[in-house]
Amino acid sequence: MTQTLQTSSSAPATPSLTCGELLVQWLEYYGVETVFGIPGVHTVELYRGLPNTNIRHVTPRHEQGAGFMADGYYRASGKVGVCFIITGPGMTNIMTAMAQALADSIPMLVISSVNKVKDTGSGEGHLHELHDQQGMVSKVALMSKTIWQPESLPKVIAEAFALFNGARPGPVHIQLPIDVITTDASHVAKPSNYLNKFVKNSTDAHGLTLPQVMRPLPNPIQLDLIVESLKAAKNPVILYGGGCVDVDHDAQKLAELIDAPTFLTINAKGLLPPSHPLSLGSNQSLEAGRAVIAEADWVLAIGTELGETDYDVFFNGEFKINGTLIRIDCDAQQLQRPFRADIAVLSDAQMAVSGLCKRLEGQALNHQAASRVNEAKQALLEGMTPDFAGQNALLQLIRDEVKDVIFVGDSTQPVYSGNLGFEALATRRWFNSSTGFGTLGYGLPAAIGAMIGSNSPVVSLIGDGGIQFTIAELICAAELELPLIVLLWNNQGYGEIRRYMEEGGLPLIGVNIKTPNFEPLAAGLGAGYRRITAKQQLLDALKEDIKGKQPIIYEVDETDDFLIEMGKTFTCFS
């Protein structure tokens, strides 16, 4: 008798929809347009579903570059940047960029893999294994969560975007074990099902309706209390911070209604026009600016952490607030640090500013602010050095020549000078890494992200030392055919640290590093190169290069005479 054996394949059925494919559907639902990532063996399955979406993928040359690109992308466009990052070394590489974003309240979604469920945290030496990846990354993120099963995916993504839109923003990390990424998720809630069940009317630009998560509205009683306290003020001052970057014309209106000298932090540049009679720009760290604030009997600080990289950039501890302090912020903890507020309002900046404007309309307040501002401006002009004037004249020339230009800076001398003396024509057109965490190498990749996010002309401000951290990203800009202008400030090494050492009588160790020959280096990375030595040469170059299809380095030596000549005609607050 012959027996026929029935055999069945032991191979698992191919999922009709993996968790990784569902992930990108939810990202598109939340308006994600661009992902920055470097595919690796642990993340390739995150890419399977990308062709079925409208999400663009950009490949940096280092994970730190991915994070900086996502950072610049948001700062220029207001759209959340997303990164796909490999387990282990990819996550340790991006943590510097996440720390910079955390310090400057920049939303960034970092999605990574982690080892298989059974291997995570095992200590058995699996590929890319870390002892506790989530615990490590949680120190530089608002939230770090692991998706252990596909059913959790929609809720965790929703939580991330709720943090971005409803609280003080910052980076969020979500990790998926590599075997969860490939798990079947066909039974899990999908954006289309969510829409069919809950959506009736309004839609966004993608034809999808997003859940409405908003920052808190101001308490009306507190707004009344602010107005009441203002009645007794004779010498008020307003401090606007980066949390006001998207506040509309009411920011200017409020300054005029209160009739108060107004300062803008580095990330709030452009909130008031350069020549506004009440604006003292970003000079709150200089002696004349500090005096205005110290003498104020009433200080209104909105959307600013009052940190030293905005108010004490010379780190001498002499920034003082002596008057009644009113603070408005979306972060409850920040309302009482580093200065204790007399009136602390937990609120969205726009809603609070609008509410104050409504209460103050029709009230004739005259605090003689214009005269105090003019006196302070005169003192600031008298203290201006030729180097400071020359660097700001260079920035102002580019601003006026290139319409809607965005400056993205590293930690380098023209950035430090511009943080004080440069006036942006609108918000989101001047930002850099010298605030908060203060990392080097940010300026080039962040400028690439800014150009992708905004479709505006972008100038990267970076030194010959700082660019060596991330110069490989220049080839990414070349690959994308971005006409990015890289204004390379050459002071033959780490010039700022060298000066600091000299002033402190320290031996000059580690600062006089070898500077590359940037012309052949640029060519090898697919970029153009110009050595700028004259004002007219710069003007002619900008007209040609800003319309091109490749990045280009403009190398400027800090000792060039044309900078001093330009500085002789420089006018602040214009």
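Reader: In which helix does Met351 lie?
Author: This is a predicted model, where local features need pLDDT of at least 70 and side-chain atom pairs count only at pLDDT 80 or more, while totals for chains, interfaces and linings use all residues. Residues are numbered from 1 along each chain as its sequence is written, and side-chain values use heavy atoms, leaving out hydrogens and water. Helices (H or I, at least four residues) and strands (E, at least two) are DSSP runs, numbered from the N terminus. Residues 349-360 hold Met351, and they make up helix H12.

Reader: Is Arg75 buried or exposed?
Author: Buried means under 20% relative accessible area, exposed over 50%, and partly exposed in between (1.4 Å probe, protein chains only). The relative accessibility of Arg75 is 4%, so this residue counts as buried.

Reader: Which residue meets Arg75 in a salt bridge at 2.6 Å, N to O?
Author: A salt bridge is a side-chain nitrogen of Lys or Arg within 4 Å of a carboxyl oxygen of Asp or Glu. Both partners lie in helix H2, four residues apart, about one turn of the helix. At 2.6 Å, N to O, the partner of Arg75 is Asp71.

Reader: How many residues apart in sequence are the parts that Glu479 and Arg61 tie together?
Author: Glu479 and Arg61 form a salt bridge, with their closest N and O atoms 3.1 Å apart. Arg61 is partly exposed, with a relative accessible area of 31%. Because Glu479 lies in helix H18 (residues 474-479) and Arg61 in the loop between S2 and H2, the pair ties together parts whose separation in sequence is 418 residues.
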